[in-house]
Amino acid sequence: MNPEPIITARGVTRRFGGLVALDGIDLDVPRGVVQAIIGPNGSGKTTLLNALSGASHADTGSIRVGGHEIFRLKPYRIARLGLARTFQNIRIFENLSVIENVKVAAACNSPTSLFNILTANARHRHSEADIDRNAREALEIVGLAHRANDRATQLPYAQQRLLEIARALASKPNVLLLDEPAAGMNMTESMTLLDTIARLKNSGITILLVEHNVRLVMGISDRVTVLDFGKKIAEGAPSEVQRNPLVIEAYLGRRHRHA
Amino acid sequence: MKPPKMNSWPILAANIAAALAVPIVAHDGYIIQLLNIAILNAIVVLGLNFVTGWAGQINFGQAAFYGLGAYTTAIATKAGLPWITTPFLSVIVVMAASLMLGLPTMRLRTYYLAMTTIGFGEIIRLIIVHWEPVTGGTSGLRAIPGISIFGFGPQGQIQHYYLLIAVLLLAILIAARVRHSVLGRAMIATRDSEIAAEQSGVDTVRTKLLAFMIGAVYAGLAGCLYASSIRFISPDSFSGTQAILLMTMLIVGGMGSIAGCIIGAVALTILPEALRFLGQWYLVLYGLGVIAVIVLAPGGLASLASLSQARRASVH
């Protein structure tokens, strides 16, 4: 494990009225790992992801990504600091083509001005060429290059999920947050997705994923964090976490009671 | 909103050729004058398309920006300033106004801008109506000096028509260029999902503000040209009704479509005149027509063209 984690969160708390969705969460994500956040429904997984990405800020706490304090920073600033994400409910840009969806994020690191755009000068053409190349690379990684010019809405559901991953990759992130990336995918599609995640890890991207399907997660994760009722109840290697009595209680105990 | 297609160039060229040929066929000054207003409206609607069609923010202040440009130009030229200064003055005035309106409201949700701009339109109208010594009040301003650049300027309606066609082409070119740039994609991304756009690194507040300001500049410049080519302005041309009419042009023509803006603006400028013989029945027909377009072609009239194109493509 690298000495300095890429994500260090301390005491992250988020309340919705009387409900404490996140209750003083501490989270360390070492560089270059695949770490999963699991937990029963309503345990605060997505809320934690939203707090990390700035989509919905935490009330108190400290969150450092790559050494930068990002607590209460605007989401676009967090994205530019190298943290990208996908969404549980797909949020593609429906009025853009597949490649344009990816280009939106690929522009993350290519600042331009209205003057450059209007005059279509060399700097503008250069940056558009960069954006195009990055976007095509990202589509290549998830295997959507052949659909670049289609409308994003023409893609089937599973491919829209892949498009979100490509879009996140196009901003050249250090950390990638995946919110239930396999939701709605069949077995073959899930397997391809796992393969893609493994390749991303090998390319040096740290991946933090929330997943409902625990079995899917255990195979690819180096570390697993378990949440229950907004609290962290366990953390460690998949094999350790699986044996943890608190985790078994949280999952199986409750399932038996409901059944 | 579609990705650019190579085959759109012949269509554009054919339309330009047709537009250039119009004055040869139509000698009637009244028709040319009507077309000139249609072109000016098209420029204003193209501006509205940045903020509403692409960035998805409802803006009812576009008529007020149109009016600000027109009154700035009329007042400046009547006070003896050379015409060449008026486009710049108009742009400065509308940029200042749109910045003041946009900065506080763009952080909020869509309908706040809608409400703020309705209020803004009303304020501008009241100022125009009541500041009589300067604006001429309800009777407006007459005999506004014409376009003149170092002594040269268009004479007669047909020359104005060609000048306005050239400006419209430039407005289209700029809109197309923005659409296929970082900024245009960011605008549409902001409209489709503000949160996904933010998480992709798009500063959505800045993007919405830019869209709003570019739109205001389009309206301000169109207002400048309106005052100095029609030579008469009154508050009616820039009222809240006009703001709604501009929005209708955008919706009927096709939100987010450059061709749609022009189709919508030209159709809804000419139809009321062409159907004048219907008297008050025109409004009934107009209402039914708008409903028919929204129900049958939610993408606007421009989407009909691309639909039939797609159908032909699938047959061949």
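In this predicted model, helix α3 of chain A passes helix α6 of chain A in a right-handed crossing. The two helices pack at an angle of about 30°, and their axes lie 7 Å apart. Angles under 35 degrees count as roughly parallel, and α3(A) and α6(A) are therefore roughly parallel to each other.

**The α3–α6 contact**

- Helix α6 of chain A covers residues 157-170.
- From α3(A), the contact takes in A:Val98, A:Asn101, A:Val102, A:Val104, A:Ala105 and A:Ala106.
- These meet A:Leu163, A:Ala166, A:Arg167, A:Ala168 and A:Ala170 in α6(A).
- By type, the residues of this contact are nine nonpolar, one polar and one charged.

**Where chain A touches chain B**

- On chain A, 30 residues are in contact with 25 residues of chain B.
- Four elements of chain A each give at least two residues to this side: α2 (75-80), β6 (83-85), α3 (98-106) and α4 (114-119).
- The side of chain A that touches chain B has 16 nonpolar, six polar and eight charged residues.

**The six-stranded sheet**

- Chain A has an open sheet of six strands, in the order β6-β7-β8-β3-β9-β10.
- The pairing in this sheet is mixed.
- Strands β6 and β10 (231-236) of chain A stand at the edges. Each has a single partner strand, so one side of each is left without a neighbour in the sheet.
- From one strand to the next, the twist averages 20°.
- Within the sheet, β3 (residues 34-38) and β9 (residues 223-228) of chain A run parallel and are joined by four bridges.
- A:Ile38 stands opposite A:Val226 in β9(A).

**Helices on the sheet**

- Helix α1 (residues 45-53) of chain A lies across β3, β6, β7 (175-179), β8 (206-210) and β9 of chain A.
- Helix α1 of chain A runs at about 150° to β7(A).
- Helix α7 (residues 187-202) of chain A also packs on the sheet, where it touches β3, β7 and β8 of chain A.
- The direction of α7 makes about 145° with that of β8(A).

**The β1–β2 hairpin**

- Strands β1 (residues 7-16) and β2 (residues 19-29) of chain A pair in the antiparallel sense over seven bridges.
- The two strands form a hairpin, with two residues between them.
- In the turn, A:Gly17 has a positive phi of about 60°.
- A:Arg15 stands opposite A:Val20 in β2(A).

Methods. Residues numbered from 1 in each chain as written. Chains lettered and ligands numbered in written order. Predicted model: local features only at pLDDT ≥ 70, side-chain atom pairs only at ≥ 80, totals over all residues. Contact = placed C-beta atoms within 7 Å. Nonpolar A, V, L, I, M, F, W, Y, C, P; charged D, E, K, R; others polar. Axes fitted to C-alpha atoms, helices over the stretch in contact; angles between N-to-C directions. Parallel < 35°, antiparallel > 145°, perpendicular 65-115°, else oblique. Left-handed = near helix turned anticlockwise from the far one by under 90°. Pairing = 2+ DSSP bridges.
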